[in-house]
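Then look at its pocket.

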Amino acid sequence: MIKWIISNFTLGIKWVIDNFTFDITLSLIALLVSIWTAYKSRTFFKVKWGNNCEITMNNSVVAMKKDGTPEISYTDTFLTYLTVVNPSPNDLAYYDLKVYDADNGNPLEIIYAIYFYLNDDHTYFVHYLNPLNSNLLELPEKNHGVFKANSYTRFNLPIVVTDEYEYKDLKHIKIEFKVAKNSFRKTKIYSKTYDVTGWQRKPYRLGYGQDIKINILTKRIVSLEVKDHIVDNEALFKNLNKIHKVLQEINTQESSRSISLITLREISDVFRFIIDKEIKHDLNLVNQLKAIRNELKKNDIVNDKNSDQFFKRIDHDISLIYKIWY
């Protein structure tokens, strides 16, 4: 058998040599060029999914306006990422990017950037790791788009559980998207399934979540423009009232949790802001500040000796404001 193959191969080589002409040479070159061009133009890319899909701290995923003002924060939000390397010379269209409960097909919501591009107002997204540090998120604009030729693309994927009760049995999250790859294989589906069993009971969900919410509110207050000791009273009271409500929520949780010293300091900075800017105030403002002080003192942080200095500042500032009013 081997002798037969060698014999026929030899005969084939002899035939090519005996019949080799200029036309055959051109045809062979053209064939080789076509093969090389097809090889260079082939479409391929690499997809890498995040190792984990973790539940984030409540209110730690935040949409921010271009001036740094928080627009909305999210609770019950998972976060993972997706990277795509497309080294080919061809753009690749993707579509039908979606996420759902892998066990029953119930859809979950991905936060797409397009939701916030209203009136050409740029919005960016951050994930707070703690009250002071955050990471910028790169969200897909919508559930379809293009992976550009010779490109690297990274998407952060915030996945929101809109109804905790409806998804109380959620154990597996599946993310998928489709790619129009080539004429021979029209569509390819890429997917990843994550095990999120027990996410409802993770204490990490609370973490610094409420502190972050307070952090955002205090920043709103100290960034208010003050002219001739006049401030936007509606905005001031609105944010003070929200701080008071968040503190109430913390103090009434079944598993009571201490706020951080960072948060206590930020709240004391709000009191100092009102003093330093000589903002005109009235009895309503005094009562609102007292209500915040009282909620703070109900919190377990009052047992931390390092908190004394901030409470002394707050009490001092309230007494000054009270004296000015009367």
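A crossing is left-handed if the near helix is turned anticlockwise from the far one by less than a right angle, and right-handed if clockwise. This is a predicted model, where local features need pLDDT of at least 70, side-chain atom pairs count only at pLDDT 80 or more, and totals for chains, interfaces and linings use all residues. Residues are numbered from 1 along each chain as its sequence is written, and side-chain values use heavy atoms, without hydrogens and water.

**Helix pairs**

Two packed helices are described by the angle between their axes and the distance between the axes. Helices (H or I, at least four residues) are DSSP runs, numbered from the N terminus. Axes are lines fitted to C-alpha atoms over the stretch in contact, and angles run from 0 to 180 degrees between N-to-C directions.

| Pair | Angle | Axis distance |
|---|---|---|
| α3 (residues 209-222) and α5 (residues 261-276) | about 20° | 10 Å |
| α4 (residues 233-252) and α6 (residues 283-298) | about 20° | 9 Å |
| α5 and α6 | about 165° | 12 Å |

Angles under 35 degrees count as roughly parallel, over 145 as roughly antiparallel. Therefore α5 is roughly antiparallel to α6. The angle of α3 and α5 makes them roughly parallel. So are α4 and α6 roughly parallel to each other.

Now the handedness. α3 passes α5 in a left-handed crossing. The crossing of α4 and α6 is left-handed, and α5 and α6 also cross left-handed.

**Who meets whom**

Contact means heavy atoms within 4.5 Å. For classes, Ala, Val, Leu, Ile, Met, Phe, Trp, Tyr, Cys and Pro count as nonpolar, Asp, Glu, Lys and Arg as charged, and the others, Gly among them, as polar.

Which residues of α5 meet α6? They are L264, I267, F271 and I274, and they meet L285, L289, I292 and L296 in α6. This contact has eight nonpolar residues, no polar and no charged.

In α3, residues including D211, I214 and K219 meet α5 residues, among them E266, I267 and F273. That contact holds six nonpolar, three polar and four charged residues.

In α4, residues including L236, F237 and L240 meet α6 residues, among them L285, L289 and I292. Here the classes are 10 nonpolar, six polar and two charged.

**The largest pocket**

A pocket is an open set of points on a 1 Å grid over the protein atoms alone, where a 1.4 Å probe fits, with protein on both sides within 12 Å along at least five of seven lines; lining residues have an atom within 4 Å of a point. The largest pocket has a volume of about 230 Å³, the volume being the space filled by probe spheres set on the points. It is lined by 13 residues, and N58, R205, L206, Q210 and Q253 are the closest to its centre. The lining has two nonpolar, six polar and five charged residues.

Definitions and conventions: Helix = DSSP H or I, 4+ residues; strand = E, 2+ residues; numbered from the N terminus. Parallel < 35°, antiparallel > 145°, perpendicular 65-115°, else oblique.
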